[in-house]
Amino acid sequence: MNTILEVKNIEKYFGTSSNVVKALDDVSLLVNEGDFIAIMGPSGGGKSTLLNCMSTIDNASSGEVKLAGQSLVNMKQKHIDKIRKQDIGFIFQDFSLISTLNGYDNIALAQTLAGQQVDSAKINEIAQVLSIGDDLLKYEDELSGGQKQRVAAARALIKNPKILFADEPTGSLDTKTSRDLLDNFCQINEQLGTTIVMVTHDLQSASFAREVVFLKDGKIYNKIIRLEHETQEQFRMRINDVYVLICEER
Ligand code: ADP
């Protein structure tokens with residue numbers, strides 16, 4: 001199994017000397033090609049910060065992040081931009097759609113930026129899967145929170161990224177749409193081998209992953225892997241047990 005992402009002893013500080021927050025404290029993590037990892041833990045534990053440092057959005061204060069064997073510390077910005085456009089899909093909490101483009105054009109732009117031809121059949125197909133087939137001509141201010149989230153997911157998935165980073169991707173979705181989106185994650189993970197790293201505080205969402213990394217107070221607290229014969233429900237219960245333990249120990 002090839003390692004696609006390596007996080008080595010990273011620390012992340014925010015603020016100035018009089019008011020410093022240590023958001024990540026000596027975090028190390030290996031992500032192999034084809035992994036589907038959920039990062040869970042109490043609010044303020046450093047989940048989004050870790051995702052940002054792993055995904056080129058932010059830099060760690062110390063330590064190293066290597067993407068496909070190359071250290072982000074030494075990488076030229078131009079190279080980082082190329083990797084972002086071609087190989088990385090992002091689904092952010094705040095959607096980050098371009099408000100002057102409709103849903104279709106937001107998705108098509110991601111394909112163009114990745115150096116691919118705009119493929120309207122593929123855009124329509126993925127929109128159908130995510131139940132936004134009738135909403136593609138709408139602009140951000142005409143879409144509900146859930147619809148924006150699904151346009152953001154379609155935009156991330158359209159270019160078949162090597163690695164998908166998702167921060168609370170089901171945060172504003174109802175149960176059925178959450179399940180559809182996560183089924184879609186499983187499908188691209190299993191069929192296309194897309195590596196997925198997803199931050200979530202939702203047990204049900206985490207149970208779709210094959211590995212759950214628990215983060216607390218900026219440190220990795222525990223990791224659990226779904227067993228070969230374990231059902232999703234059994235895995236969800238195990239995730240719940242660790243999660244309850246973490247929260248009780250606060
Ligand atoms: P989580 O995603 O687990 O809720 P975060 O990564 O958002 O946690 O935050 C971890 C810690 O870092 C928190 O104490 C948070 O207040 C702090 N933090 C995150 N981003 C910033 C920032 N831009 N400026 C200052 N503090 C921040």
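**Entry 1: a hairpin and its neighbour**

I began with strands E4 and E5 (residues 70-71), which run antiparallel and are joined by 2 bridges. I keep in mind throughout that this is a predicted model. Looking along the pair, I found Lys66 standing opposite Ser71 in E5. The hairpin of E4 and E5 has 2 residues between the strands, and in it I noted that Ala68 takes a positive phi near 45 degrees.

I then looked up the pairing of E4 (residues 62-67) with E1, and found that the two run in the antiparallel sense over 5 bridges. One position I checked was Glu11, whose bridge partner in E4 is Ser62.

**Entry 2: Lys8**

Staying with strand E1 (residues 3-14), I picked out Lys8, which lies in that strand. Is Lys8 buried, partly exposed or exposed? I recorded Lys8 as partly exposed, because its relative accessible area is 33% and the class runs between 20% and 50%.

For its surroundings, leaving aside residues up to four places away in sequence, I listed Val27, Ser28, Gly63, Glu64 and Lys66 as the residues that Lys8 touches. I also looked up Lys8 and Ser62, which are 54 residues apart along the chain, and wrote down a separation of 9.3 Å between their C-alpha atoms.

**Entry 3: Thr49**

Next I turned to Thr49, which has its place in helix H1 (residues 47-54).

I moved on to an open sheet of 6 strands with mixed pairing, and traced its order as E6-E7-E8-E3-E9-E10. Its edges are strand E6 (88-91) and strand E10 (219-225), each of which pairs on one side only. I also noted that neighbouring strands of this sheet are turned by 15 degrees against each other on average, with direction ignored.

Which strands does helix H2 lie across? I found H2 (residues 77-87) across E6 and strand E7 (163-167), running at about 75 degrees to E6. Helix H6 (residues 175-191) also packs on the sheet, and I listed its contacts as strand E3 (36-40), E6, E7 and strand E8 (195-199). The direction of H6 makes about 150 degrees with that of E8.

**Entry 4: H3 against H4**

Two packed helices are described by the angle between their axes and the distance between the axes. For helix H3 (residues 103-113) and helix H4 (residues 120-129), I noted an angle of about 125 degrees and axes 11 Å apart. I therefore called H3 oblique to H4, since 65 to 115 degrees counts as roughly perpendicular and over 145 as roughly antiparallel. The crossing in which H3 passes H4 is right-handed.

Which residues make the contact? On H3 I listed Tyr104, Ile107, Ala108 and Gln111, and on H4 Ser120, Lys122 and Ile123. Sorted by kind, the residues of this contact divide into 4 nonpolar, 2 polar and 1 charged.

Terms used. Residues numbered from 1 in each chain as written. Predicted model: local features only at pLDDT ≥ 70, side-chain atom pairs only at ≥ 80, totals over all residues. Heavy atoms only, no water. Pairing = 2+ DSSP bridges. Helix = DSSP H or I, 4+ residues; strand = E, 2+ residues; numbered from the N terminus. Axes fitted to C-alpha atoms, helices over the stretch in contact; angles between N-to-C directions. Contact = heavy atoms within 4.5 Å. Parallel < 35°, antiparallel > 145°, perpendicular 65-115°, else oblique. Left-handed = near helix turned anticlockwise from the far one by under 90°. Nonpolar A, V, L, I, M, F, W, Y, C, P; charged D, E, K, R; others polar. Buried < 20%, exposed > 50% of the residue type's maximum accessible area, 1.4 Å probe, protein only.
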